[in-house]
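Please look through the sequence and the structure below before reading the briefing, which takes up a few loop residues, a sheet, some charged pairs and a nonpolar core in turn.

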Amino acid sequence: MKQRKMPLRKCTGCGEMKEKRELIRVVKAPDTKDENGEIIAKGEISLDLTGRKAGRGAYVCRNLACFEKARKARRFERSLSCKIPDEVYEQMQSELAAADGK
């Protein structure tokens, strides 16, 4: 039976390449445009635990150390070219804390 290769992604915190399923993704959804191509709503920033939401993503390891390193260095903002809401950071932090406790 053939083994399927899992895509690799780079952690924004530690910079290591890891399998996509080992990381948590922050995604910026595409902007909503009208029929003239004018932006009517900016894309929403959210946590994507499935890795399947449409949009530009940034990945981080499932540990608090990488998360804090990426947040402090503003690597999420640079990767997604926008400000990350505090609610998204809080959601990520609680998810990572739960994963560390397992």
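Arg74 lies in the loop between α1 (64-72) and α2 (75-80), where helices (H or I, at least four residues) and strands (E, at least two) are DSSP runs, numbered from the N terminus. The model is a predicted one, in which local features need pLDDT of at least 70 and side-chain atom pairs count only at pLDDT 80 or more, while totals for chains, interfaces and linings use all residues. Residues are numbered from 1 along each chain as its sequence is written, and side-chain values use heavy atoms, with hydrogens and water left out.

**Loop residues with positive phi**

- Arg74 has a phi near 60°, which is a positive value in a residue other than glycine.
- With a relative accessible area of 51%, Arg74 is exposed; here buried means under 20% relative accessible area, exposed means over 50%, and partly exposed means in between (1.4 Å probe, protein chains only).
- Ser81, found in the loop between α2 and α3 (86-100), also has a positive phi, near 55°, in a residue other than glycine.
- Ser81 counts as exposed, because its relative accessibility is 63%.

**The sheet and its strand β3**

- Three strands form an open sheet in the order β6-β3-β7, and the pairing is antiparallel; two strands are said to pair if DSSP finds at least two bridges between them.
- The edge strands of this sheet are β6 and β7, each of which pairs on one side only.
- Neighbouring strands of the sheet are turned by 25° against each other on average, direction ignored; for such angles, axes are lines fitted to C-alpha atoms, for helices over the stretch in contact, and angles run from 0 to 180 degrees between N-to-C directions.
- Strand β3 (residues 23-28) is largely enclosed by the rest of the structure, because six of its six residues are buried.
- Leu23, Arg25 and Val27 point one way from β3, whereas Ile24, Val26 and Lys28 point the other way, and all are buried.
- β3 pairs with strand β7 (residues 56-61) in the antiparallel sense over six bridges; within this pairing, Val27 stands opposite Gly57 in β7, and the bridge partner of Leu23 in β7 is Cys61.
- β3 also pairs with strand β6 (residues 45-48) in the antiparallel sense, here over four bridges, and Arg25 stands opposite Asp48 in β6.

**Salt bridges**

- Side chains of opposite charge can pair when their charged atoms come close.
- A search of the whole structure finds three salt bridges, a salt bridge being a side-chain nitrogen of Lys or Arg within 4 Å of a carboxyl oxygen of Asp or Glu.
- One of them joins the side chains of Arg25 and Asp48 (2.9 Å, N to O), and this pair links distant parts of the chain, with Arg25 in strand β3 and Asp48 in strand β6, 23 residues apart.
- Arg25 counts as buried at 7% relative accessibility, and Asp48 likewise counts as buried, at 2% relative accessibility.
- Another joins Arg71 and Asp86, whose closest N and O atoms are 4.0 Å apart; this pair too links distant parts of the chain, with Arg71 in helix α1 and Asp86 in helix α3, 15 residues apart.
- Arg71 counts as partly exposed at 29% relative accessibility, and Asp86 counts as partly exposed at 45%.
- In a further salt bridge, the side chains of Arg21 and Glu19 meet (2.9 Å, N to O); Arg21 is exposed, with a relative accessible area of 56%, whereas Glu19 counts as partly exposed at 26% relative accessibility.

**The nonpolar core**

- A nonpolar core is a set of buried Ala, Val, Leu, Ile, Met, Phe, Trp, Tyr and Cys residues joined through side-chain atoms within 4.5 Å.
- The largest nonpolar core has 21 residues, of which Val26, Val60, Phe76 and Met92 touch the most other members.
- At least two residues of this core are supplied by each of β3, β6, β7, α1, α2 and α3.
- Leaving aside its neighbours within four places in sequence, Met92 is in contact (heavy atoms within 4.5 Å) with Val26, Leu47, Val60, Phe67 and Phe76.
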